[in-house]
Amino acid sequence: MANNKKSKTKSSTKSSKRPNLGMVRGPEEPNPASAVLDSVIGFLLRFRKYGNDILGIFLALIAMLILLGLFGLSSGAWLLSWVASLKKWLGWGGSLLLVGSLGMGSLLSFRPYKEGFTARDWGKVISIEFAAFSLLGLLSVIGGNSIETSDNFGGLVGWGLSELIGMLFSALPDILGNILRVLLFIIFIVIGTMLGFGLFGRAVTSFEFNLSGGKKRKTRAVSAQPSVSISSMSQDEIESPKKTGRTKKASIPAEHRKQFKVEDQFEDQMDAPLPRDEQLPDLSLLDIGKNVKPDERHINQTAGLIEKTLAEFGIPAKVINFQIGPTVTQFAIEPGYIQKPGTTDEDNRQKVRVSQISALQKDLALTLSAERLRIQAPVPGRSYVGIEVPNKRFSMVKLRPILETETFYKVKSPLAIAMGRNVSGIPVVADLTKMPHLLIAGTTGSGKSVCIAAITTCLVMNNSPADLRIVMIDPKMVELVRFNGLPHLIGKVETNLERIGGVLRWVVAEMQNRYKKLEELRARDIESYNRKVQRRKEYETMPRIVVLIDELADLMMSAAESTETTIVRLAQMARAVGIHLIVATQRPSTDVVTGLIKANFPARLSFAVASGMDSRVILDGPGAESLLGRGDMLFLSPEGGMPLRAQGVMISDQEIENVINYWQEAWNIEGSEEEQESPWETMMVDEAILATRDNLAEDAIEIIKDTGRASASMFQRRLKIGYPRAARLVDELENMGVIGPSRGGGREREILIDTDNYDDGEL
């Protein structure tokens, strides 16, 4: 009995799993017709991916038959009858059917397999058909709108449409009614053609272009909503990206397919430009750049692959949103719930841990065929996990569109910096006065020098040489020398390692001198000092000074101790007197970015680095090793705790040259050597002279002031030195003009200084 029950159970299970498409005779006996129908349907479904090819060949065959029949190249009862019917109903429109069949057949034959048409495809097909029927009506009107001659013009279909439209103008004279019918059909043809081939948007853009005066550049104005921006890729790579070969795309189940729509949030909006000082350069000196339209199909496919991959690893999650940036697209992943082990109640569920999603970073990169993929778990201030996937086509972020945004205008700071655009395309703007210093790191070619050039251009676009002075230090000798001749520069761009230390010491001396001036007027900082100076004619305002160092590692290798001491002292004290540092290095190791330097640079910017250790040195955490390079960066603001990913600004040599030429013409500067002489030259000469002096010279002068005598033997006794050094000390004091020449006979030297009023500072 047990065996019989088991056999019945197995047979019932098998019958329940078998699809039953026909009438059922009994619970255990299958229907033969159902089995045959299942087999036929299964056989046909195997060839569904060849359906487009079969339909395309069929339409091409129809086009060939129409061609042979219309031009009399072939004959036959069926063919002649069919061609006669085409002429009767469509007239000359039969040639349109020929072109449409041939074009549709070619499109289906060479188009990759895709299930069904999208709504946008059907709309285009209907628009083209609307234009074709309107053409038949136009041909009928041109042919006299006679049913007898309709075969040679628009056929019966065209005659019927013409008569239908003619009913609207029946009350008008025949000539006027025919003219209005022609105009109406022409309008229908133009609208249908433009909508069918996607020319409507281009026509609107061209109309706005001509309406604005036909200028070559569009007036990109300030907009609260940002647009997609641009990367440091070359223009050739943007317009024609390399194709690495066609790979088989993974199939996505229906439950994971997405239908996200990319809105026109990246289009430029033509608003009124914000006010700008007339003494500053016009923004037309900078390039406006070009936006890259995002691929909606690729975004939906990537979102579906992410959901599918997470589901395959047992993690229920859902892609709820996405944000398109210049370099990456961030997908918002909402973790789901899983059943607790050993329970069946729906209430006993637990949320998926964020660490489970973060652990699948490499698996997701493999599925998406992404070079590098970054997971932000969670996104600060949001209730989802962000997965940042590189875009198929990068965009280049230009400086001018950011300067024209309301985000930059609202900062209202003379040292506002356009950093780039984040993963949502929103401009990232920082204030150097609040940082107050910036540390930049990244490997060779990651975008450090371009970033420094963009920051410099941004500063000089919004400040005159009277308000801002710049000191540039470039040990690499090639990146910043193009700024020579800029009126904002103090001296020239220093490239000699032996002189760079003197430049930094001059900055320290300038800082101390400014503190003395602040003390005189009892001012707290440079802003309050300049406000008080405006009411006093005997004082001058102090411009802000920005010191840019392109490579810190070279300075640390040549003179680590003095360089670290100078930079740390400036970072600690220079903010109040309006001196700010921007330091870059391609080796963010602990021996270059020391603890003291790092502690005094709360604002840090990291481009792509070689390892996670370098990322921890510069950002106090991982992430920079997953960047894509070419301007892709993480910005750690002193106000925020988590790094912000953005695409840096790209500035060209031509834009820099335009800005430099403007300021040279505005300030009548030709770039002569006399006007660009460095102010630290005098200090470096004095230091060279002091380096040759004996460090006991000042002690010897004090002895002369106390005793009124000068001799080698006295210096031996008082300073406890040997005779050779005492004799050299006497000769040095003679060269300094402190004592007179030797009078012979063992007599003491004549004292040439006033021992009562002599000041050591005269040395």
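**Exercise 1.** In which loop is Arg522 found? Give its phi and decide whether Arg522 is buried or exposed.

*Solution.* The model is predicted.
Step 1: locate the residue. Arg522 sits in the loop between α17 and α18 (526–533).
Step 2: read the backbone. Phi of Arg522 is near 55 degrees, which is a positive value in a residue other than glycine.
Step 3: judge the accessibility. Exposed means over 50% relative accessible area. Arg522 has 75% relative accessibility and therefore counts as exposed.

**Exercise 2.** Carry out the analysis for Lys720: where does it lie, and what is its phi?

*Solution.* 
Step 1: Lys720 lies in the loop between α26 (712–719) and α27 (723–735).
Step 2: its phi is near 55 degrees, a positive value in a residue other than glycine.
Step 3: with 76% relative accessibility, Lys720 counts as exposed.

**Exercise 3.** Describe how helix α17 packs against helix α20.

*Solution.* 
Step 1: α17 covers residues 497–520 and α20 covers residues 560–573; their axes are 10 Å apart, at an angle of about 30 degrees.
Step 2: classify the angle. Angles under 35 degrees count as roughly parallel, so α17 and α20 are roughly parallel to each other.
Step 3: α17 passes α20 in a left-handed crossing.
Step 4: list the residues. From α17 come Leu504, Arg505, Val507, Val508, Met511, Gln512 and Tyr515, and from α20 come Thr566, Arg569, Leu570 and Met573.
Step 5: sort them by class. The contact of α17 with α20 holds seven nonpolar, two polar and two charged residues.

**Exercise 4.** At what angle do helix α7 and helix α8 cross, and which residues meet?

*Solution.* 
Step 1: α7 (residues 155–166) and α8 (residues 174–196) cross at roughly 115 degrees, and their axes come within 10 Å.
Step 2: the crossing of α7 and α8 is right-handed.
Step 3: on the α7 side, the contact uses Leu161, Ser162, Glu163, Ile165 and Gly166; these meet Arg181, Leu184 and Phe185 of α8.
Step 4: the classes in the contact of α7 with α8 are four nonpolar, two polar and two charged residues.

**Exercise 5.** Is helix α22 mostly covered or mostly uncovered, and what covers its buried residues?

*Solution.* 
Step 1: α22 spans residues 612–619, and six of its eight residues are buried, so by the cut-off of under 20% relative accessible area the helix is mostly covered.
Step 2: the buried residues are Gly612, Asp614, Ser615, Val617, Ile618 and Leu619.
Step 3: the cover over these residues includes β9, α21 (595–599), β13 (603–606) and β14 (632–636).
Step 4: look past the helix end. Just after α22, Asp620 takes a positive phi of about 65 degrees.

**Exercise 6.** Summarise the protein as a whole: how many helices and strands does it have, and what percentage of its residues is buried?

*Solution.* 
Step 1: there are 27 helices and 15 strands.
Step 2: of the 763 residues, 42% are buried.
Step 3: the protein exposes about 42700 Å², with 55% of it supplied by carbon and sulfur atoms.
Step 4: among contacts with a separation of 6 or more, residues 24 or more positions apart account for 67%.

Terms used. Residues numbered from 1 in each chain as written. Predicted model: local features only at pLDDT ≥ 70, side-chain atom pairs only at ≥ 80, totals over all residues. Heavy atoms only, no water. Axes fitted to C-alpha atoms, helices over the stretch in contact; angles between N-to-C directions. Helix = DSSP H or I, 4+ residues; strand = E, 2+ residues; numbered from the N terminus. Parallel < 35°, antiparallel > 145°, perpendicular 65-115°, else oblique. Left-handed = near helix turned anticlockwise from the far one by under 90°. Contact = heavy atoms within 4.5 Å. Nonpolar A, V, L, I, M, F, W, Y, C, P; charged D, E, K, R; others polar. Buried < 20%, exposed > 50% of the residue type's maximum accessible area, 1.4 Å probe, protein only. Areas by Shrake-Rupley, 256 points an atom, 1.4 Å probe, with all protein chains shown as cover.
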